[in-house]
Amino acid sequence: MMQDESLGRPRSSLSALLLCSLSASMAPTLQVAFRRRWWMAGTAVLENLFFSAVLLGWSSLLIMLKNEGFYSSLCPAENITNTTQNEQHQWLSCNQQEKMLNLGFTIGSFVLSSTTLPLGILMDRFGPRPTRLVGSTCFAVSCTLMALASRDTKVLSPLIFLALSLNGFGGICLTFSSLTLPNMFGNLRSTVMALLIGSYTSSAITYPGMKLIYDAGVSFMAIMFTWSGLAFLIFLNCVLNWPKESFPSPEDVNYKEKMKLRELALDHKVTGDRFYTYVTIVGQRLSQKAPSLEEGADIFISSQDVRGISEKSAESLTAPLHRGSVPLRKSLFSAIFLWSLLTMGVTQLRIIFFMASMNRMLEYLVISGQEHETENLKQRVTETVEFYSSVFGAAQLLCVLTSPLIGYIMDWKIKDCVDIPTKAPARDGAATNSVRPRYLKIQKLTNAINAFTLTNLLLVAFGITCLINSLHLQFLTFVLLTVIRGFYHSACGGLYAAVYPTNHFGTLTGLQSLTSAMFALLQQPLFMAMVGPLKGEAFWVNLGLLLFSLLGFLLPCYLFCYRAQLQREYATHWEDPPKGPANPKVTA
């Protein structure tokens with residue numbers, strides 16, 4: 001028997017190694033993934049929509065958790081109605097129960113936003129594939145835990161904290177691992193990015209959709225086990241279609257090397273955006289990294305030119321343009337990044353507080369501050385809150401429609417721009433008017449100013465509607481919140497891409513999300529103050545947040561001044577260009 005056991009252990013270890021190697025061998029190459037990019041983008045949109053930031057649909061999940069009796073033991077005994085096992089359990093809520101569940105939401109939303117920094121570092125090291133595999137697994141485990149905890153909520157209610165934490169972590173893993181996928185789409189990169197972010201922000205519709213199924217008579221346990229099984233499909237899709245390598249950006253010449261774009265460029269069948277992108281990028285690299293090779297401007301017209309130039313300047317072509325040019329410390333302590341931390345933190349706090357306290361604010365609007373003791377008033381409150389929670393969830397689908405709008409704003413006139421200041425054209429005998437070029441960084445800053453200004457105006461309008469005690473006006477409040485959620489992440493990402501080096505993007509984005517998550521932690525004491533001393537009235541909290549949100553206008557104001565400074569510098573380059581190559585990424 002001992003010999004059999006000793007033989008069994010190596011066999012089990014060997015089988016585990018075989019499974020790991022089999023999983024690794026199933027990963028497609030970057031070339032195969034490029035051919036499957038539309039499938040990957042389409043499935044990533046659906047996966048983000050139903051599995052990423054679903055925790056932001058908290059208002060509907062909160063109702064289901066209350067109906068299942070999570071932490072109902074904290075309520076006074078006379079407020080709990082427990083029927084037989086053959087009948088549906090009905091639990092009445094109390095402030096202590098809601099505070100405890102809201103604490104779970106606070107922790108889950110913090111994990112959702114704060115883990116982007118370590119995820120960015122891990123993705124830079126291992127690529128998006130492992131991150132996506134871990135994320136789908138964590139999401140499946142979170143749904144399983146909620147299903148199991150619902151069997152005996154009196155004992156297993158504390159599992160909700162772990163479940164919500166894994167829910168947030170798994171969701172952000174799925175979202176963050178998909179953000180480099182748009183690099184495969186060239187000129188459509190910002191549009192695809194906006195669709196992915198739009199599906200991420202629209203994922204708040206998932207729990208309202210689950211609640212509709214729940215109201216139709218399907219058990220909470222069955223719904224959660226089903227979603228856990230669907231998360232396994234994400235795992236399987238990642239195993240079969242996502243490559244082990246990261247998706248390099250179009251500005252990185254290594255991308256063309258991996259995709260063998262030299263052979264593609266020599267193929268007469270390559271036309272359209274792909275051909276234009278390859279010609280433009282290689283031409284920019286030759287002009288910036290190898291000025292002496294200007295005679296090779298027709299690099300893609302002659303195959304001999306391509307082979308000759310690629311052999312002479314292979315090292316310059318394969319080196320990323322901005323790698324090591326600006327230290328990370330300079331980017332971290334730049335004024336633009338610090339102002340963006342404040343703006344994004346204020347916006348995140350505003351959004352998270354509304355999502356956490358929406359049910360209580362709606363309840364206060366129904367009862368007008370009165371103690372709802374009568375059964376009719378209780379029933380009216382319950383029906384109103386559930387109806388508006390469903391409407392709020394349905395409104396989140398607008399993110400898919402509004403996010404491409406901010407992508408269009410961020411891409412406005414980008415194709416008409418040049419990378420860096422170049423020498424003004426020489427005048428002939430007859431005076432000719434030379435047209436100043438439209439510089440890429442200047443245009444990206446202009447687009448970022450427009451995006452942040454529009455987002456902040458919408459945030460102020462949202463804060464004003466929150467101050468008005470009108471149930472019907474809340475429909476407009478839901479729409480404004482949906483548009484803001486679709487805008488501000490895309491605007492921030494576009495700003496970082498315009499101002500900072502490419503190899504700083506992941507770290508800066510992760511640190512910004514971590515800071516925003518720390519701001520969002522303030523919603524828990526604000527919520528406790530609202531349900532405690534303020535007795536459910538959120539007017540003073542909303543007024544303070546409205547005034548606080550005005551700080552968001554400081555970022556576009558500073559960007560306006562920074563753009564004016566760059567315009568003066570570029571004008572100097574136009575009149576008297578420097579001898580050395582200019583660095584298009586100037587950190588402010």
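Predicted model: local features only at pLDDT ≥ 70, side-chain atom pairs only at ≥ 80, totals over all residues.
I shall begin with the aromatic rings. A pair of such rings is described by the distance of the centres and the angle of the planes. In this model, the count comes to 17 aromatic pairs.

One of them joins phenylalanine 51 and tryptophan 227, whose ring centres lie 6.3 Å apart, with 40° between the planes, a tilted arrangement. Which helices hold these two residues? Phenylalanine 51 belongs to helix α3, residues 37-51, and tryptophan 227 to helix α12, residues 220-241, so the pair ties together parts that are 176 residues apart in sequence. Both phenylalanine 51 and tryptophan 227 are buried.

A further tilted pair consists of phenylalanine 354 and phenylalanine 392, at 6.4 Å centre to centre and 55° between the planes. Here helix α19, residues 335-367, contributes phenylalanine 354, and helix α20, residues 375-395, contributes phenylalanine 392, so the contact links parts that are 38 residues apart in sequence.

Met26, Leu230, Phe232, Leu233, Leu236 and Leu240 make a nonpolar patch of about 510 Å². Of these residues, methionine 26 sits in the loop between α1 (2-25) and α2 (30-35). Methionine 26 has 33% relative accessibility and therefore counts as partly exposed.

Notes:
Residues numbered from 1 in each chain as written. Heavy atoms only, no water. Phe/Tyr/Trp six-rings, centres within 6.5 Å; stacked < 30°, edge-to-face > 60°. Helix = DSSP H or I, 4+ residues; strand = E, 2+ residues; numbered from the N terminus. Buried < 20%, exposed > 50% of the residue type's maximum accessible area, 1.4 Å probe, protein only. Patch = residues over 30% accessible without salt bridge, like charges linked within 9 Å, V, L, I, M, F, W, Y side chains within 5 Å. Areas by Shrake-Rupley, 256 points an atom, 1.4 Å probe, with all protein chains shown as cover. Salt bridge = Lys/Arg side-chain N within 4 Å of Asp/Glu carboxyl O.
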